[in-house]
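Dear colleague,

Please find below the structure for your review. My notes on what was found in it follow directly after.

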Amino acid sequence: MRQAEPLTHVEDLKYGSDNAAGSEDGLLDAASVADNSVGDLVSARRVLWLEAAGIGAVSQAMDGALGQAFAAAVDLIAASAGRVVVTGMGKSGHVARKIAATMASVGTPALFVHPGEASHGDMGMIHAEDVVIALSNSGETAELGDIIGYCSRFGIHLIGITSGAESALAEGARVILILPRAAEACPLGLAPTTSTTMMLALGDALAVTLLERRGFSADDFQILHPGGKLGRRLMRVSDIMHTGKDIPLVAPETSMADVLLVMNSHRMGCAGVAIAAGTLVGIITDGDLRRHMDSELISKSASDVMTRNPLTIRPEALAAEALGLMNARQVTGLFALRDMQPVGFIHLHDCLREGVA
């Protein structure tokens, strides 16, 4: 019998196609699949429960020595003039990369250094003013030996994250974060699962605590995340609005003939009406033109046609807020005001072009 392939269609379950795993003629043994599904869910829930229990144990340990060491680690990193260098081998190394990336993204300069490469020249990436965070569940990872020795020799602050309280890493670290013992989710007790989840959660706790201590704001986050969905969500009106001569403005006494020229040249579908002091007092839109369309339109002034007290927005507002306001009020543009004076204009198309949603 040929190798069974994964089920891809509901029909496979109902009628037993060639894709169906089961008996010699390809018919699906529904009872067998049901038994397997139940067993799979039991395994999945066991993994999730054990890993959640591991994080819970870390949280409880914060009431004791782990919490004191955690506070010392935060103080050490916050006082550092350098960067945070995170290192680890194997699965701990993958977690270390993620911790470094998270810290860097929320205002703590950080990088990952592979311990094997460090022994062959990358040690030069670690400077005297840096803080090193080394991850090893056992604390006896051989590849970390050179980094531990280097930190000790040059007085570089080393923070260890390990379950091995009596390990070489614990002995060489200035601050040691001892993870509580917890069963690995792997039924063999061999594959790093619960232990790496605990390390990852503790690394996130360090990154977020440093974020809050430093007062890292949404504006700071947007600077470090200019691309992607996060960057677009945090984009401000001031980031994409038209400014200076690109703002369609006329005076109240401007003839409608000239207003039409301004509207046509700026292609915003409107013109703002501002008095000599700069205060915005009205707006003329395509809709206003239609409502006043008669033989007398050209002879009128902007103040005769404008809609008073137009809808506006702050330049500091999120572009997503501007888009929502335009959609709710069924307008295609907003003047951005500061102290009642127009400093910019944002159009619906500007938001769509930048992917604001």
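Predicted model: local features only at pLDDT ≥ 70, side-chain atom pairs only at ≥ 80, totals over all residues.

Residues are numbered from 1 along each chain as its sequence is written, and side-chain values use heavy atoms, with hydrogens and water left out.

Overall content

The chain holds 16 helices and 12 strands; helices (H or I, at least four residues) and strands (E, at least two) are DSSP runs, numbered from the N terminus. Of its 357 residues, 41% count as buried. Here buried means under 20% relative accessible area, exposed means over 50%, and partly exposed lies in between, with a 1.4 Å probe and protein chains only. Contact means heavy atoms within 4.5 Å. Among the contacts between residues at least 6 apart in sequence, 59% join residues at least 24 apart.

Two packed helices are described by the angle between their axes and the distance between the axes. The axes are lines fitted to C-alpha atoms, for helices over the stretch in contact, and the angles run from 0 to 180 degrees between N-to-C directions.

Helix 4 (residues 91-105) and helix 8 have axes that come within 9 Å and cross at roughly 15 degrees. The two helices are therefore roughly parallel to each other. Helix 4 passes helix 8 in a right-handed crossing; a crossing is right-handed if the near helix is turned clockwise from the far one by less than a right angle, and left-handed if anticlockwise. On the side of helix 4, the contact is made by Lys91, Ser92, Val95, Lys98, Ile99, Thr102 and Met103. Helix 8 contributes Thr196, Met199, Leu200, Gly203, Asp204, Leu206, Ala207 and Leu210. These residues divide into eight nonpolar, four polar and three charged. In this division Ala, Val, Leu, Ile, Met, Phe, Trp, Tyr, Cys and Pro count as nonpolar, Asp, Glu, Lys and Arg as charged, and the others, Gly among them, as polar.

Helix 3 (residues 65-79) also packs against helix 8 (residues 194-214), at an angle of about 55 degrees and with the axes 10 Å apart. That angle makes helix 3 oblique to helix 8. The crossing of this pair is right-handed. Helix 3 makes the contact through Phe70, Ala73, Val74, Asp75, Ile77 and Ala78, and helix 8 through Leu202, Ala205, Leu206, Thr209, Leu210, Arg213 and Arg214. By class, the residues of the contact of helix 3 with helix 8 are nine nonpolar, one polar and three charged.

Which residues does Val74 touch, leaving aside its neighbours within four places in sequence? Val74 is in contact with Leu206, Thr209, Leu210 and Arg213. Val74, found in helix 3, is buried, with a relative accessible area of 3%. Val74 and Leu206 are 132 residues apart in sequence, and their C-alpha atoms are 6.7 Å apart in space.

Backbone and loops

Most residues other than glycine have a negative phi, and most peptide bonds are trans. Asn309 has a positive phi of about 50 degrees although it is not a glycine. Asn309 lies in the loop between strand 9 (307-308) and strand 10 (312-313) and is exposed, at 72% relative accessible area. Met340, also not a glycine, has a positive phi of about 70 degrees.

Arg267 is found in the loop between helix 12 (256-266) and strand 7 (270-274) and is exposed, with a relative accessible area of 68%. Its C-alpha atom is separated by 9.9 Å from that of Asp246, 21 residues away along the chain.

Cysteines

A search of the whole structure finds zero disulfides, a disulfide being a pair of cysteine sulfur atoms within 2.5 Å. Cys186 counts as buried at 16% relative accessibility, and Cys270 is buried at 4%.

Yours sincerely

Technical notes
Parallel < 35°, antiparallel > 145°, perpendicular 65-115°, else oblique.
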